[in-house]
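Work through these exercises with the model open beside you. Try each task before you read its solution.

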Amino acid sequence: MLLATLVAAGNVIKAGKALGLALGMGLGSLGAGIGIGTVFASMIQSVARQPELRGELQGIMWLGFALTEAVVFYGLVGGFLGFVLVS
């Protein structure tokens, strides 16, 4: 709705910036969601195979989670920079 209003008003650059921000955040979040699911699925499978390694694997799991979640913040910052700096 907002995008159509901006294009109709002749603000194609603003509409493109808004669309780029939305796509960047959406795809970044989608990729991070898939990555986080993979990290936790691997942890569950590993603990199911060798329960005695749970303590060692848990630290690696949280590190993988944090690094994967950082991708969302990179997408957010990159999207905002593109939205603000593109004229």
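**Exercise 1. Find the buried residues of helix 2, and check the helix's length.**

*Solution.* This is a predicted model, so every value here is computed from predicted coordinates. Start with the cut-off: buried means under 20% relative accessible area. In helix 2, the residues that count as buried are Ala15, Lys17, Leu21, Gly28, Ala32, Ile36 and Met43.

Now take the length. Helix 2 covers residues 12–49, which makes 38 residues. From the first C-alpha to the last, helix 2 reaches 55 Å. At 1.5 Å a residue, 56 Å is expected, and the value for helix 2 is close to that.

**Exercise 2. Describe how helix 2 and helix 3 lie against each other.**

*Solution.* Two numbers are needed. Two packed helices are described by the angle between their axes and the distance between the axes.

- Distance: the axes of helix 2 and helix 3 come within 8 Å.
- Angle: these two axes cross at roughly 175°.

Which kinds of residue make up the contact of helix 2 with helix 3? The contact residues divide into 18 nonpolar, 9 polar and 3 charged.

**Exercise 3. Locate the aromatic pairs and classify two of them.**

*Solution.* A search of the whole structure finds 3 aromatic pairs. Two values are needed for each: a pair of aromatic rings is described by the distance of the centres and the angle of the planes.

Step one: phenylalanine 40 and tryptophan 62. Their rings are 5.8 Å apart, centre to centre, with 80° between the planes. Planes over 60 degrees apart count as edge-to-face, and this pair is edge-to-face. The pair links distant parts of the chain, with phenylalanine 40 in helix 2 and tryptophan 62 in helix 3 (residues 54–85). The two residues are 22 residues apart.

Step two: tryptophan 62 and phenylalanine 65. Their ring centres are 5.7 Å apart and their planes stand at 90°, so this pair is edge-to-face. Both residues sit in helix 3, 3 residues apart, which is a separation of about one helical turn. Why does that spacing matter? An α-helix has 3.6 residues a turn, so residues three or four places apart point the same way.

Phe40, Trp62 and Phe65 form one aromatic cluster.

| Residue | Relative accessible area | Class |
|---|---|---|
| Phenylalanine 40 | 26% | partly exposed |
| Tryptophan 62 | 43% | partly exposed |
| Phenylalanine 65 | 25% | partly exposed |

**Exercise 4. Find the ring that lysine 17 lies over.**

*Solution.* Go back to lysine 17, one of the buried residues of helix 2. Lysine 17 lies over the face of phenylalanine 83. The distance to the ring centre is 5.2 Å.

**Exercise 5. Compare distance in sequence with distance in space for two residues.**

*Solution.* Begin with proline 51, in the loop between helix 2 and helix 3. Proline 51 counts as exposed, at 52% relative accessibility. Proline 51 and methionine 25 are 26 residues apart in sequence. In space, their C-alpha atoms are 37 Å apart.

Next, take glycine 79 in helix 3. Glycine 79 is buried, with a relative accessible area of 15%. Glycine 79 and leucine 19 are 60 residues apart in sequence, and 10.0 Å apart in space, C-alpha to C-alpha.

Methods
Residues are numbered from 1 along each chain as its sequence is written. This is a predicted model: local features need pLDDT of at least 70, side-chain atom pairs count only at pLDDT 80 or more; totals for chains, interfaces and linings use all residues. Side-chain values use heavy atoms; hydrogens and water are left out. Helices (H or I, at least four residues) and strands (E, at least two) are DSSP runs, numbered from the N terminus. The expected span of a helix is 1.5 Å times one less than its number of residues. Buried means under 20% relative accessible area, exposed over 50%, partly exposed in between (1.4 Å probe, protein chains only). Rings of Phe, Tyr and Trp (its six-membered ring) pair if their centres lie within 6.5 Å; planes under 30 degrees apart count as stacked, over 60 as edge-to-face and the rest as tilted. A charge sits over a ring if NZ of Lys or CZ of Arg is within 6 Å of the ring centre and within 35 degrees of the ring normal. Axes are lines fitted to C-alpha atoms, for helices over the stretch in contact, and angles run from 0 to 180 degrees between N-to-C directions. Ala, Val, Leu, Ile, Met, Phe, Trp, Tyr, Cys and Pro count as nonpolar, Asp, Glu, Lys and Arg as charged, and the others, Gly among them, as polar.
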